[in-house]
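Colleague: I am new to this model and would like a close look at one part, the interface. Could you walk me through it slowly, and then show what lies around it?

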Amino acid sequence: MAEVLVYVDHVDGAVRKPTLELLTLARRIGEPVAVALGAGADATAAVLAEHGAVKVLTADAPEFTEYLVVPKVDALQAAYEAVSPAAVLVPSSAEGKEIAARLAVRIGSGIITDAVDLEAGDEGPVATQSAFAASFTTKSRVSKGTPVITVKPNSAPVEAAPAAGAVEALAVTFGALATGTKVTGRTPRESTGRPELTEAAIVVSGGRGVNGAENFGIIEELADSLGAAVGASRAAVDAGWYPHTNQVGQTGKSVSPQLYIASGISGAIQHRAGMQTSKTIVAINKDSEAPIFDLVDYGVVGDLFAVVPQLTEEIKARKG
Amino acid sequence: MSLRIVVCVKYVPDATGDRQFTEDLTVNRDDVDGLLSELDEYAVEQALQISENSDDDVEITVLTVGPEDAKDALRKALSMGADKAIHVEDDDLHGTDVMGTSLVLAKAIEKAGYDLVITGMASTDGTMGVLPAILAERLGVPQATLLSEVKVEDGTVTGRRDGDTASEQLAASLPALVSVTDQSGEARYPSFKGIMAAKKKPVESWDLEDLEIEADEVGLEGSWTAVDSAAQRPARTAGTIVKDEGEGGKQLAEFLAGQKFI
C-alpha cells in the first residue's frame with residue numbers, strides 16, 4: 001500500500017489534535033508515515049502509533065528553532081525523498097502552509113490548501129475546499145507531481161488505529177537558504193488555559209456589541225462554562241478589546257467548530273468567511289436585521305448583557 | 001545607497017459582491033467589481049513607510065499579474081505614493097494557479113531588479129496565503145513572512161511575527177521577501193495630489209514573451225491543480241429565532257441541551 005507522509009505539529013512532544021485528524025484522513029489514501037521535527041520529536045511516536053502511523057521519522061537540530069520555516073522544509077524534503085509517498089499532508093496552520101508550499105515548488109508538485117475533507121479518487125486524493133466565504137464547496141485534486149495538501153483543523157474525527165509506529169532517525173542536510181531568516185527572539189504566548197481557537201470544538205465570539213475590553217469577561221465566562229475557545233470579530237480586535245490572535249474572519253483565523261456562538265456580531269462577509277463552515281451556529285444580537293441571523297440554527301434577538309449571563313448561569317446549573 | 005522595493009499586489013473581485021464560478025470553474029470576474037486587495041494595501045503602506053524612514057534613495061515599484069482591469073489596482077497603489085508600476089498581462093494567463101502566478105511574479109521581479117519584495121499576507125479572494133513562501137523559494141531569498149512590524153536598516157530587514165504559540169523577532173539580510181499582516185499599520189488614503197501625480201507615473205506592460213515564459217507553463221493548461229466541481233452551498237434551512245423577553249438565555253440553553261452541547 002502506498003505511503004502517505006504526515007507532517008506532525010507538536011509542542012515539545014505533545015502532538016496537537018489536527019495532526020491526529022490528518023492520520024485519520026491519511027489512512028483513507030495509504031499508510032501514514034509521520035515526520036516529527038525538533039525537541040521532543042521522539043516522544044510523539046507513541047500517540048502517532050496509536051493513531052495509525054506505521055513509521056515515525058524524527059530529526060532534531062538547533063536550526064529548527066533558530067531559523068524560520070526553511071530548515072523544516074529541508075527535513076520534509078529529506079523524508080519525501082526517503083519514502084516516495086503518494087501524498088504529503090500538512091496541518092493548515094500559518095507555518096504548516098508555508099512549509100507545504102515551499103516543499104511543493106521544490107518537488108514540482110501542485111498544492112491544495114485548507115482542505116476540509118479528503119478521499120481517495122481514481123486520479124489521486126480528492127480534496128474538498130470552501131470558496132468565497134464558504135458560499136461554495138469545491139472538489140479539487142493535484143494534477144502535477146505528488147499531491148501536497150494542507151488540511152484545516154476539525155476536518156476529520158480522531159480515531160484510534162494502532163500501528164507499529166517504529167521510530168527512525170531522518171538524515172537531514174540543510175541547504176544554503178535554511179539559515180536565511182534568523183529568529184532573534186521568541187516570546188511564548190501566555191496560556192489562557194482555554195482550547196486553541198482553530199482546534200476548539202466550541203467557539204464563543206464577541207463583537208462590536210460587547211462594547212469594551214472590560215465587558216469581554218462575560219464572553220469568557222460563557223466560554224469557560226462550555227470549555228470553549230474565545231473568538232473576536234475584527235471590529236472588537238481593531239478597537240483593542242481583544243488580541244488579534246483571537247480574531248475570527250478573513251484576515252484572522254478560520255474556524256469550523258461543532259458549535260459557534262456569536263455575541264454582538266452583525267456578521268459582515270469578512271467575519272462569515274471565517275466561521276461559516278461551523279456545524280451549528282448560534283447568535284445573540286440586539287438588531288433583528290443583522291445578517292448573522294441568516295446563518296443561524298438558533299438566534300436570540302436581545303441584549304447580550306442580559307442573555308449571555310443568563311445562558312452562562314443556566315449552563316452552570318445544568319452541569320451542576 | 002539605493003533600495004529597490006517591489007510590492008506585489010492583486011486585483012480581486014469585491015468580497016461584498018455576489019461571487020460566482022464560470023463554466024471552466026475559474027472565478028467569474030465579469031459581473032463583479034474588482035479592486036486592489038485590501039491586504040495588499042498594507043504591503044504598499046509598509047513600502048512607503050520604509051521609504052519615508054530611510055536615508056537611502058528608495059524606489060517603489062508595484063507589480064501585478066492580471067487582466068486589463070488590474071491596472072486599477074496599480075493606479076490605487078501609485079496614488080498612495082509608489083513610484084512606478086508593472087502590469088503583466090497575457091491572454092494565456094487565464095486560469096493560472098498559485099504555482100503559475102508565482103513563476104510569473106518571480107520572473108518579473110528578477111527582470112525589474114529588487115532588494116526587497118513586499119507582499120500582503122494573502123489575497124482576499126483565494127486566501128491561500130502561500131504565495132509569499134513560494135515566491136521566496138523561487139527567488140532563492142530569505143522569507144520574513146507574516147510580519148506585524150517591519151524595519152529596514154543597513155541591508156537587513158527585521159520584524160515581528162505573531163504566531164499561534166509565540167511572538168518571534170526575525171532578521172534577514174537583503175535581498176529578501178517580506179509579507180505583512182493587517183496588524184502592520186493602517187494603509188493611507190490617496191490624497192488628491194497623489195491621485196493627480198499617479199496619472200503621470202510610468203506603467204510598463206509586459207507579456208509572457210517579455211518574461212521568457214511559455215504559454216503551457218501557465219493558464220489552466222499549465223495548472224498544477226484541477227478543480228473538478230464547484231457547488232453552491234445549499235442555503236441554511238431557516239433557523240429558530242426568538243426575541244428575548246426575559247428568558248432568552250434560558251431558551252438558548254434549552255436549545256444547546258437538545259443538541260447535546262450541554
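Modeller: Happy to! One term first: a salt bridge here is a side-chain nitrogen of Lys or Arg within 4 Å of a carboxyl oxygen of Asp or Glu. Glu196(A) and Lys253(A) are such a pair, with their closest N and O atoms 3.8 Å apart.

Some ground rules before we go on. This is a predicted model, in which local features need pLDDT of at least 70 and side-chain atom pairs count only at pLDDT 80 or more, although totals for chains, interfaces and linings use all residues; side-chain values use heavy atoms, leaving out hydrogens and water. Residues are numbered from 1 along each chain as its sequence is written, with chains lettered from A and ligands numbered from 1 in the order in which they are written.

Now to the interface itself. Counting a contact as heavy atoms within 4.5 Å, 77 residues of chain B are in contact with 84 residues of chain A. The two chains bury about 7,000 Å² between them, 57% of it on carbon and sulfur atoms; buried area is the accessible area (1.4 Å probe) that two parts lose on being put together, summed over both.

Seven salt bridges cross this interface. In one of them, the side chains of Glu254(B) and Arg318(A) meet at 2.6 Å, N to O. On the side of chain B that touches chain A, the largest share, 10 residues, comes from helix α6 (residues 248-258) of chain B. That side divides into 35 nonpolar, 25 polar and 17 charged residues. In this sorting, Ala, Val, Leu, Ile, Met, Phe, Trp, Tyr, Cys and Pro count as nonpolar, Asp, Glu, Lys and Arg as charged, and the others, Gly among them, as polar.

Next come the strands. Helices (H or I, at least four residues) and strands (E, at least two) are DSSP runs, numbered from the N terminus, and two strands pair if DSSP finds at least two bridges between them. Strand β13 (residues 181-188) of chain A pairs with strand β9 (residues 166-173) of chain B in the antiparallel sense, over seven bridges. Along this pairing, Pro188(A) stands opposite Ala166(B), and Gly185(A) has Gln169(B) as its bridge partner.

That pairing belongs to an open sheet of 10 strands with mixed pairing, in the order β13(A)-β9(B)-β8(B)-β7(B)-β10(B)-β6(B)-β1(B)-β4(B)-β5(B)-β11(B). At the edges stand β13 of chain A and β11 of chain B, each with a single partner strand, so one side of each is left without a neighbour in the sheet. Neighbouring strands here are turned by 30° against each other on average, direction ignored. Helix α1 (residues 38-52) of chain B packs on this sheet, touching β1 (2-8), β4 (57-65), β6 (116-120), β7 (143-153) and β10 (176-180) of chain B, and its direction makes about 145° with that of β6(B). Helix α4 (residues 131-139) of chain B packs on the sheet too, touching β1, β6, β7 and β10 of chain B, at about 160° to β6(B). For these angles, axes are lines fitted to C-alpha atoms, for helices over the stretch in contact, and angles run from 0 to 180 degrees between N-to-C directions.

Another open sheet also takes strands from both chains: its six strands run β15(A)-β14(A)-β16(A)-β17(A)-β18(A)-β13(B), with parallel pairing. Its edge strands are β15 (229-232) of chain A and β13 (240-243) of chain B, each pairing on one side only. The twist averages 15° from one strand to the next. Strand β14 (residues 202-206) of chain A runs parallel to β15(A), joined to it by four bridges, and Ser205(A) has Gly231(A) in β15(A) as its bridge partner. Helix α9 (residues 304-319) of chain A lies across β16 (259-263), β17 (280-285) and β18 (298-301) of chain A, at about 135° to β17(A).
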